[in-house]
Amino acid sequence: MKGVLIRDCSIGGKTGYQVYCQDGRIVRIDEASAAPSGGVEIIDANGGSLFPGFIDSHCHPFEYGWLKRSVDLRGTTNMTAFRLRVVAGIQRAEPGEWVSGMGWDQEAFPGKGMPTRKEIDDISPKNPVVLSRVCGHIALLNSRSIEVLGFTNRTGEEYERDGNGELTGIVKERALEEVYGKLPRSAERSAADLQSVEAEAGRLGLTTLHCIVSRDGFREELEALAGLAASGSLSLRYRVYVPPEAIDYIDATGIGKKLVGPLVWINGLKIYADGSLGARTAALREPYSDDPSSTGILRYTDEQLSELVESADSRGLQAVVHAIGDRAVEQAAEALGRVAGAHNPRRHRIEHASLLPKDLRSKMARRSIRATVQPLFITSDSWAVDRLGEERVRNLYPLKSMLAEGIVASGSSDSPIESLSPILGMWAAMTRGGADSHEKLSLEQALSLYTTNARSNGLDSAEGMSEGAPANLTLLDSDISGIHPALLRKVGVLATIVGGTPVHSYGTA
Ligand SMILES: [Zn+2]
């Protein structure tokens, strides 16, 4: 394998280093400027900062890949724009074929009302359509899909009805999962989806993705990962988190054994305890400020959640529990605390841990329960104060307090919900979008979310920037030590190196 020499880079704020990698490892870090012998790929850093490879601790690359080829409704601010994008999707489909899309947010529409099936039925008479909200916890169905799915007579809070008792087309949580279970899938398509995302992630400086596979497509997605790994086609590293539904499949097929290698292995079990704040399905201790009739939805009883956590722990898997509302975080912390012991050796963690008052921060810290946070949610959730009120919103995404109180928190995008860019994530953690807040992180803290803490939260804690460590590196286009936080979002990625191989590089001499 050809060696790689990164020349004139900045490490820890000190300039003039050169780093030599060979056979997948960092061989030498020094300030010498001796010309390397032949057979070496040289990357000129021109003073840019070099870091251990950035890690996204929670993303859905298969869903993002799927989004890239379906109807993208992100950024639509009115029904005209929404309908135009759906029409374009229907024109690309055969009559009768499912049309899927995602990314709308009613908070951006005039009047902030949920869209209804009546608003899309006239443009989609022949195709069943499912369009999920940006959070992925609720979706709009057209009348054709309600008919195809046999949902016409369904009742319950997961099937929204209007004042006349008619289905509006909005479905939530488990009802939506049933819809996704019926969409056509294949391993080939999943592999293509993953590769389109992998290329983008590499350009953004990511070397490792903690990859959540979906509840409905896990067979095809695990097959795709195994196939790409076997053919040597993966360029990034994957730590995979599977849904409870996948456990029997993994046991029965033995596919788990094919997913153990330097680039990919199954890390843990992903469990959903609640929904999202945007959809008002996150489980709160007190009612929503903008809907006093609702405290959200807990998906499991305490016993059921504990059972799932134990099934992960007893298999040696890391349990990662999605919990956004304070009631769900409390339930998750109890369930994880029961198996974590004093030091939480399996590094069980809570995904999001969004609404986190002091008592829950203490509870998590005491039990060494880890967290995965999404700094870009802070800048996106402009409606949070409506949902929670002025008082509670102060404990939403309290990143600095979490770190100060000893919670090991790692950073992530939850892509496709937010951009995969770890630099944008750090920018959001440091600036909170310009808001006045005592929860802004320092550069070192923001970096730790995507490096030290992320390695620790994904079971790779031995790695880092030292001689002998695996050569997983991210090289930025400038020296960011001392950078003004607002300027961080402008910083580019010069090179991304995984296992000693550049997967993305602008600087090759
Ligand atoms: Zn997620």
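In the classes used here, Ala, Val, Leu, Ile, Met, Phe, Trp, Tyr, Cys and Pro count as nonpolar, Asp, Glu, Lys and Arg as charged, and the others, Gly among them, as polar. By that division, the lining of the largest cavity has 3 nonpolar, 5 polar and 3 charged residues. The model is a predicted one, and a search of the whole structure returns 2 cavities of 30 Å³ or more.

**Cavities and a pocket**

The largest cavity is lined by Pro52, Gly53, Ile55, Thr207, Thr208, Arg237, Arg455, Glu463, Gly464, Pro470 and Asn472. Around the second largest cavity lie Asp56, Leu376, Ser412, Ser413, Ser419, Leu420, Ser421, Pro422, Gly425 and Tyr450.

| Space | Volume | Lining by class |
|---|---|---|
| Largest cavity | about 60 Å³ | 3 nonpolar, 5 polar, 3 charged residues |
| Second largest cavity | about 30 Å³ | 4 nonpolar, 5 polar, 1 charged residues |
| Second largest pocket | about 420 Å³ | 7 nonpolar, 4 polar, 6 charged residues |

The second largest pocket, with a volume of about 420 Å³, is lined by 17 residues, of which Ile378, Val393, Leu396, Arg432 and Ala435 are the closest to its centre. Helix H13 (375–380) and helix H14 (384–393) each supply at least two residues of this lining, and H14 gives the most, with 4 residues.

**The zinc site**

The zinc ion is coordinated at 2.1 Å by NE2 of His58, NE2 of His60 and OD of Asp414, and along the chain these donors follow the spacing H-x1-H-x353-D. Because histidine 60 belongs to the loop between strand E6 (54–59) and helix H1 (61–68), while aspartate 414 belongs to the loop between strand E19 (409–411) and helix H16 (422–431), the pair ties together parts that are 354 residues apart in sequence. Histidine 60 is buried, with a relative accessible area of 6%, and aspartate 414 also counts as buried, at 5% relative accessibility.

**Backbone exceptions**

Most residues other than glycine have a negative phi, and most peptide bonds are trans. Against that background, the peptide bond from serine 415 to proline 416 is cis, with omega near 15 degrees, and proline 416 is found in the loop between E19 and H16. Glutamate 173, which is not a glycine, has a positive phi of about 45 degrees; it lies in helix H5 (residues 173–181) and, at 5% relative accessibility, counts as buried. Serine 368, likewise not a glycine, has a positive phi of about 55 degrees, and its place is in the loop between helix H12 (358–366) and strand E18 (370–373). With a relative accessible area of 26%, serine 368 is partly exposed.

**Helix H12**

Which residues of H12 are buried? They are Leu360, Arg361, Lys363 and Met364. Seen down the axis of H12, its buried residues fall within an arc of 160 degrees, and they therefore line one face of the helix. An α-helix has 3.6 residues a turn, so residues three or four places apart point the same way. The buried residues of H12 pack against helix H11 (326–340), strand E17 (349–352), E18 and helix H15 (399–404), and just after H12 comes serine 368 with its positive phi.

Definitions and conventions
Residues are numbered from 1 along each chain as its sequence is written. This is a predicted model: local features need pLDDT of at least 70, side-chain atom pairs count only at pLDDT 80 or more; totals for chains, interfaces and linings use all residues. Side-chain values use heavy atoms; hydrogens and water are left out. On a 1 Å grid over the protein atoms alone, a cavity is a set of points where a 1.4 Å probe fits but cannot get out, and a pocket is an open set with protein on both sides within 12 Å along at least five of seven lines; lining residues have an atom within 4 Å of a point. Grid points are joined across faces, edges and corners, and a volume is the space filled by probe spheres set on the points. Donors are N, O and S atoms within 2.8 Å of the metal (3.2 Å for Na, K and Ca); water is not among the atoms, so sites may look incomplete. Buried means under 20% relative accessible area, exposed over 50%, partly exposed in between (1.4 Å probe, protein chains only). The arc is that of the directions from the helix axis to the C-beta atoms. Contact means heavy atoms within 4.5 Å.
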